[in-house]
Amino acid sequence: MEEILKVKNLTKVFSIGLLLFRSKIIAVDNISFHLRKSEILTLAGESGCGKTTTAKMILGFEEPTSGEIVLEGRSIREWKRERKEFLKRVQAVFQNPFESFNPLLTVDDIFFETVYNYNLAKDQNEARKIIDEKLKVVGLSLEDIYGRYPSELSGGQLQRTSIARALLSNPSLLIADEPVSMVDASLRMSIVNLFAQLRDQLGVSIIYITHDLATAYYVSDRIAIMFRGDIVEMGPVEKVLEEPKHPYTRLLRSSIPEPDPDKKWHEDITVADTEYEEYLKGGCKFSGRCPEAREICRHEKPRERFLEDVMVKCHLYDK
Amino acid sequence: MKRIIGVFKDLFKDYRFVVAFFVLLLLLALSLLSSVSPYDPTRTYQVPRGLPPSLEHPLGTNWLGQDVFWRLAFAVRNSLIIAVVTAVFSRIIAVLVGIVSGYKGGLLDRILMTVGDTTMVLPFLIVLIIISMILKNWAKSFFNLGLLLAFFSWAWDARVIRSQVLSLRERDFTRVAILSGMSTMKIVYKQLLPHVLPIVFTTFINNMSWAVGMEITLAYLGLGIDPTVPTIGTMLQRAIYRQALFLGLWWWLAAPIVTAVLLFIALYWLSTSISEYLDPRARFQRIGAK
């Protein structure tokens, strides 16, 4: 299958502080992955692991420190000159539905803007038809949102509206940055199902960013587990989550509480380092918390190893 | 049109707006009345001097043989012109500088903010005194005085607007606007400007009252505009300089003071009620979400 997005050795370094007290945070550390057509790739990991920074770099809101992002065979640097064409192909849904709409404008305004800016319709009637069509996909209609302010709609409605807006220009890539974390549990499934439906019916490729492994397991084809800016394990979602190879993936899996009153949700990890120290660790960044850490982990960065079709970065699998 | 009426209906639920609106309307009418004045405002000894308020001279006459009422009409007109010129020009500079440096950032932001900070930390009263001494004839025109005051009052509000834009720029809806293919100019005027407008409106009015106050201060110090041209400041200065109270002509002194106080209160109430109205959350709290 054709690759729609290719990310090669992508790195983002943030400098914080001033002059003498300057220090660096490596938010995204040399990651590479690719995304095929009509595929859902999950980027999962704890907060501060670089998921959102990666998304921002793909969207062009952040400049990568180094590395390459290739969309449909063209580097993002080439796309810069045709930013509008690029954004027509790459759309995004953000975490907070209440923040995604300007509180001083009606919700339909941004829909008409999108339609006219991308020349999707010639006149008002055609625009209305296109908008209504996309809103039907998410189970709403233009009448539901026309002339309404964001404060007049519920969070679930807004999030679906936000997805419908992203679909207007028929993007080939949709970046969903924690789209269900602010939505209540009953609506979560319908939105996640919507993503699966988009992939199957419209052939949209989706980067699904989440820390919720349950929905990731349910909807995605492949998953990349990120830790402190690094992809530590990547592969088909069943394989990665059913038989996790990397100790961090195991930790993530064990932190899903089971609905069984007899099972205690015990914690056998100790946080040895501060977050800041973890970012700057020389060896494996997880070594401070890893139950299976050995001497080599503290000095040497683990390299990529392929166990069948699962990529894992861990010294456990050194030969 | 229907919308404008609706806006006024909502605003009239606030007593502060009602009072401010009518006081300003009164002062505006007074200043418009100046165009039909029977007397030349700069000439003296046109009426018998020192008359108390009567039907013929509603606010009496002063020791220089001028009708206080008609002089006040001119004074309010001229003071309002100074205030509006100051506010318009300083708002234009503040909005442009605030949005450009907030949205673009980087070196341009630093340059603009340094210039703004410089005008802010200059002791403007002393600088205004020096300028009006050096450019005596230039500063005598009240349009020029307005420009001068504008130059010293844009920086603070430019900073406020900049900080607002800085936070708006990072909000998701600005990102969504970028994703919807809007150009930068369009994002600025459609997505950001509505958030900045309440600041512009309220600071416009606050800036007006600051300008009126500054004009009074400068006139009282005998600087600024020609003392024979009536403004609230020069009227007050004349009345004090000519010992109005000692002469027993209290109406001569009271007229500019009462007008200035009314003007200040009206402008303040207008600015608070409008800013609360423009912020939808505050509006719902006060008049109830109906």
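Trainee: In what order do the 4 strands of the open sheet in chain A run?

Mentor: The order is β2-β1-β4-β5 in chain A, with antiparallel pairing. This is a predicted model, where local features need pLDDT of at least 70 and side-chain atom pairs 80 or more, while totals for chains, interfaces and linings use all residues. Residues are numbered from 1 along each chain as its sequence is written, with chains lettered from A and ligands numbered from 1 in the order written.

Trainee: What makes β4(A) and β5(A) a pair?

Mentor: Strands pair if DSSP finds at least two bridges between them. β4 (residues 66-71) and β5 of chain A have 2 bridges, antiparallel, so they qualify. Leu71(A) has Arg74(A) in β5(A) as its bridge partner.

Trainee: Why do β2 and β5 of chain A stand at the edges?

Mentor: β2 (23-36) and β5 (74-75) of chain A each have a single partner strand, so one side of each lacks a neighbour in the sheet. Strands here are DSSP runs of E, at least two residues; helices are runs of H or I, at least four.

Trainee: Which residues of α4(A) are called buried?

Mentor: Buried means 20 or more other C-beta atoms, placed from the backbone, within 10 Å of the residue's own. Among those in α4(A) that qualify are Val107(A), Ile110(A) and Phe111(A). Their cover includes α5 (124-137), α6 (142-145) and α7 (155-167) of chain A, together with α9 (172-179) of chain B.

Trainee: How many residues from each chain does the contact take?

Mentor: Contact requires C-beta atoms, placed from the backbone, within 7 Å; 18 residues from chain A and 13 residues from chain B take part. α4(A) gives the most to chain A's side, with 4 residues.

Note on methods. Two residues are in contact if their C-beta atoms, placed from the backbone, lie within 7 Å. A residue is buried if 20 or more other C-beta atoms lie within 10 Å of its own, exposed if 12 or fewer, and partly exposed in between; C-beta atoms are placed from the backbone.
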